[in-house]
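Please take a moment to look over the sequence and the structure before I start talking about them.

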Amino acid sequence: MYKVLRGREFPINVMNLQMFAGNANSIDRTGAEALIPEQTSREIIQGVTEQSTVLAMGRKLPNMSSNRTVMPVLDMLPVAYFVNGDTGTKKTTKMAWDKKKIFAEEIAVIVPIPEAVLDDADYDIWGEVRPRLVEAFGKVIDAAIFFGVDKPDNWRSSIYDTAAAAGATVTATSNLYKDIMGTSGVIAKIEKSGYMPTGHVADISLRAELRELVDNNNRPLFKTDLQSSTQYSLDGNTMKFPRNGFWDAAKAKMISGDFDQLVYSMRQDITFKLFDQGVVQDPSTGEIVYNLMQNDMVAMRAVMRLGWEIPNPINSLETDKTKRCPFAVYAPKANAGA
């Protein structure tokens, strides 16, 4: 979709600043990288890694050297045989590898700031911008990888959709303990695929349900006293309760799995560019949200690129790739039959 402005067509994309000034190219402040200390850039990357559940729990691969990386994954196991007697014939076997591709896709955010605010030397602009950038990047990464929200076309199916397709879903009943820890529970689903869970990510409402869980003597299973803070874990593995707003409680109460099978790779760390002219448009309506010159504003654009994959190699417990999944979903009752 394009918007015609002064006889010229511009793509309508809120992630891009469309620069124009009459029939000539506008002047932008291209030296912004020099205004952003390298330490600040590293600090934001570190903050995104810590706040993003995916980046904190997944396994980081070496940085990508191009926009696409091919990752070989074991797809056929070797088979050994007994030799019948001293003169028996030894048989041969083979192995095979599948190719999984990691595509680097761009994530960006624009932060418009009034020039009057920038002129206030006593105001710590970066102190306000940094946590908002961290939150924005972490939220969009987690939402796309866990639930497929606005995911790029080149990216694989989300963790939720992958687990659902493999039948690795447990719908909640009145027995929370059995739903998670039982023979047909969430953890068992992962183990039957040949994986051992390394972590659990849950909607924050599950904290209260776990606190309420008691044994036959009405003693809390997740609290030993009322003074110290509760360290939530399941079967010895840490639980995380994301608070950056990406979690879809209508789809899942919890997603558990072997997070070593969630791999990601960076193509480009966060870079910055500062603009003092141009407009920011709404991608759906084409409406101009900000006109930097008219509104006396500058806009900071932050961009990063990364990709991810679930290797899910063949193993001896589950050789059928359509049933093998290193993740399982604990779905709410309302999701039954979905």
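This is a predicted model: local features need pLDDT of at least 70, side-chain atom pairs count only at pLDDT 80 or more; totals for chains, interfaces and linings use all residues.

Residues are numbered from 1 along each chain as its sequence is written, and side-chain values use heavy atoms, with hydrogens and water left out.

Let me begin with the overall picture. The chain has nine helices and 16 strands, where helices (H or I, at least four residues) and strands (E, at least two) are DSSP runs numbered from the N terminus. Of the 338 residues in the chain, 43% are buried; here buried means under 20% relative accessible area, exposed means over 50%, and partly exposed is what lies in between, with a 1.4 Å probe and protein chains only. If we take the contacts between residues at least 6 apart in sequence, 75% of them join residues at least 24 apart, a contact being heavy atoms within 4.5 Å. The chain exposes about 18,800 Å², and carbon and sulfur atoms supply 48% of that area; accessible areas come from the Shrake-Rupley method with a 1.4 Å probe, and for residues only the protein chains shown count as cover.

Now to the strands, and I would like you to find strand 15, residues 297–309. Because 12 of its 13 residues are buried, strand 15 is largely enclosed by the rest of the structure. Which strands pair with strand 15 in the antiparallel sense? One is strand 6, residues 105–114, over 10 bridges, and another is strand 12, residues 263–275, also over 10 bridges; two strands pair if DSSP finds at least two bridges between them. To follow this on the model, look for Ala108, which stands opposite Val303 in strand 15, and for Phe272, which stands opposite Ala302 in strand 15.

There is also an open sheet of six strands, with the order 7-16-11-8-10-9 and mixed pairing. Its edge strands are strand 7 (169–171) and strand 9 (233–234), each of which pairs on one side only. Within this order, strand 8 (residues 199–202) and strand 10 run parallel and are joined by two bridges, and His200 stands opposite Met239 in strand 10.

Let us turn to the salt bridges. A salt bridge here is a side-chain nitrogen of Lys or Arg within 4 Å of a carboxyl oxygen of Asp or Glu, and by this rule the count comes to three.

One of them joins the side chains of Glu309 and Arg156, at 2.7 Å from N to O. This pair links distant parts of the chain, 153 residues apart, since Glu309 is in strand 15 while Arg156 is in the loop between helix 5 and helix 6 (159–165). Glu309 counts as buried at 6% relative accessibility, whereas Arg156 is partly exposed at 22%.

Another salt bridge is between the side chains of Lys253 and Glu209, at 2.6 Å. Lys253 lies in the loop between strand 10 (237–240) and strand 11 (254–257) and Glu209 lies in helix 9 (residues 205–212), so the pair ties together parts that are 44 residues apart in sequence. Lys253 is buried, at 15% relative accessibility, and Glu209 is partly exposed, at 29%.

The remaining pair is Glu135 and Arg132, whose side chains meet at 3.5 Å. Because these two are three residues apart in helix 5 (residues 125–147), about one helical turn separates them. Glu135 is partly exposed at 32%, and Arg132 is partly exposed at 48%.

On the surface, Tyr177, Met181 and Leu221 form a nonpolar patch with about 270 Å² of accessible area together. Patches are made of residues with over 30% relative accessible area and no salt bridge, with like charges joined within 9 Å and nonpolar side chains (Val, Leu, Ile, Met, Phe, Trp, Tyr) within 5 Å. Met181 belongs to helix 7, residues 176–181.

Finally, two loop residues. Asp296, in the loop between strand 14 (288–291) and strand 15, has a phi near 50°, a positive value in a residue other than glycine. Asn312 also has a positive phi, near 50°; its place is in the loop between strand 15 and strand 16 (327–331), and Asn312 is buried, with a relative accessible area of 12%.
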